[in-house]
Amino acid sequence: MPLTSSPWTVVAPALVVALVCLAAPVTLLRRPDPHGHAEPRRLTRHVAAGSFALGSAVLAGAAAYWLHSDARTGYFGPLLGLAHLLVALVVWRLLASAHEARHALRTVHRQLEAEQAARREGDAESARRLAELERRAQDERAELEVIYSTAPVGLCVLDRELRWRRINRHLADINGLPAEVHIGRSVRELLPSVADQAEKILRRVIETGEPMQNVPIQGETPAGPGRARQWVEHFTPLRDTAGEVVGVNVVCQEITDQANTEVALREADRRKDEFLAMLAHELRNPLAPMRNGLEILQRVPGDSPIAARTRDMMGRQITHMVRLIDDLLDVSRIRQGKLSLQRRPVPVREVIDAALEASQPLMDGAQHRLTVSLPDEPLVVDADPTRLAQVLSNLLNNAAKYTPDGGQIHLSADAQGDEVRVRIADNGVGIPPGMLPHVFDLFTQVGHHAQRAQGGLGIGLSLARRLVTLHGGCLRAESAGPDQGSTFTITLPRLTDAARAAG
C-alpha cells in the first residue's frame, strides 16, 4: 500500500530516535564506573553496541525513506520490518546479556556479601580474642604487681647508674623511706652506710653479666639509725631484647633477728657449758670434805671434839648442797610457772631478820662489817616471807662473796611514797659497765672476778629478780665500775593500814 503521508512525519521521529541511540553509547562509555573499575563492565559495552546498531539502522532507514520515493511505496515496508527484526534481535540479545550479567552480578554480590560477613565475623572473633588476651595480660600484670608489692622480701630494680627504677613496699620499709623517694635516686644517696659494699657487687654483676647469690650485706638504714642490721641479697642482671645488661634485679632478705638469735644461742650454749662445769665443781666441793668427815668419824670416838667439829662441817656442806639444788629447782619452777607464793601481810623487819640469820655465818667467816639501818615506822608488804627472805639472803651472800675479807656491807630500808625500798650496798669488786645489763641473766657471774667468789652457780641474782617480779616489785643493780662496789635495790608495793583493813 503506497505511503501518501508527508516524509517528515516519518523521518523526523526516526532522526530523533537515531540521534538518541547514537548518543547513548558515548554517554555510557564515558560515564565513570561507581565501583572504580578502569574498563567499562561487559553489560555496559553490550548496551552501547546495541544502541549504536539500532541508531545506525534507524538512520539508514530514514535516509532511504527520504532519498528514494519508491521506498515509501514498495520495498521500504519490508526493509523497515527487517530493521525492526534486527532491532528486536539486538534488544533480545541485550536483554539476555543483561539477565546473565544481572545473575552474575547477584552471584558475585552474594559472594562478596558472604566474604564480607565472614571477614566481619573473623574480625569480630579476632577482636574478641585480642580483647580476651589483653584482659588476661592485664589480670596477670595486676597479679604480678600485687605479688611484687606484697612480697615478704625486699625487691628492687636498679639501672646501670645504680639508681632505683622500681622498689616494693617491703624494701622501702626496710630502708625507712617511702617508695617514691627512691625512684631516680642512687644507692649512695640514700644508703651511704651500705653503698661501699653494695656498689662493688652491683658493678661486678653489670660488667660480667653473671648473677651473685646469698651475698651478706651489713649496715644501717634510716629505718634504724645507729642499729647494725644484716641482710642476705641476690643480684641478677637485667637484660634488654638485644641481650645487653641494662640493670640489676635485687632480692633482699633481712636476717638481723636470725643472726642475733644465733649469737644468743651460741652464747647460751657457751654459758650452759660453763654452768655444767661450774655445777659439777660446786657439787663436788661439798662431797670431798663430807667424804673426809666420814673417814674421820670412823676413826675417832663419837663423843670427841674432832667428831663434833666434823659433824658440824658435814652439816654445813649438806646445807650448801641442798641450797644449790633448791635454787636450781626454784628456777625451773618459775620458768614453768609452777612456783606459788604464800603471801600475807609481813613486816619488812621480819624478813630482814630471817635473811640476816641465814647469811650471818658467811659474813662472819669473811670478817665483814655489816650495818643495818631501819626506820622506826613499820613497813609492811604483801609477800611470801620465806621467798622474800630468800631474795635478801641471796643478795647478802652475793655481797659477801664478791667483797674482799674485812669489807663493808650496808643494808637499809625506807618508805618512798607507796613503795618500800630495801638497799644492799658493798665496797667489793664492783661490776664492769659492760656486765651491768647482764648481771641478772641466768648462769652469769662477774667476769674475771668469778674466781674470787666463794662458790655459786650464777643463778642467785636471776632467781632473786624473778621472785621480786612475782611480788609485783623490781630489782636493779648499780655500780661505778670495777673495785667500786655495788648496790642492789629492791622496790616493793607498800601495804598501808587502809589496804590491810580492806583486805
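## Strands E4 and E5

Leu238 has Gly247 of E5 as its bridge partner. Strand E4 (residues 229–239) pairs with E5 in the antiparallel sense over 9 bridges; two strands count as paired if DSSP finds at least two bridges between them. Helices (H or I, at least four residues) and strands (E, at least two) are DSSP runs, numbered from the N terminus. The hairpin of E4 and E5 has 5 residues between the strands, and Gly243 there takes a positive phi near 90 degrees.

Strand E5 (residues 245–254) is also joined to strand E1 (residues 154–159), by 6 bridges in an antiparallel arrangement. Val251 in E5 is the bridge partner of Leu155.

## Basis of the model

This is a predicted model, in which local features need pLDDT of at least 70 and side-chain atom pairs count only at pLDDT 80 or more, while totals for chains, interfaces and linings use all residues. Residues are numbered from 1 along each chain as its sequence is written, and side-chain values use heavy atoms, with hydrogens and water left out.

## The five-stranded sheet

An open sheet of 5 strands has the order E7-E9-E10-E12-E11, with mixed pairing. Strand E7 (369–373) and strand E11 (474–478) are the edge strands, each pairing on one side only.

Strand E10 (residues 419–426) pairs with strand E12 (residues 486–493) in the antiparallel sense over 8 bridges. Pro493 in E12 stands opposite Glu419.

## Whole protein

The protein has 13 helices and 12 strands. Of its 503 residues, 34% count as buried, meaning under 20% relative accessible area with a 1.4 Å probe, protein chains only.

Definitions and conventions:
Buried means under 20% relative accessible area, exposed over 50%, partly exposed in between (1.4 Å probe, protein chains only).
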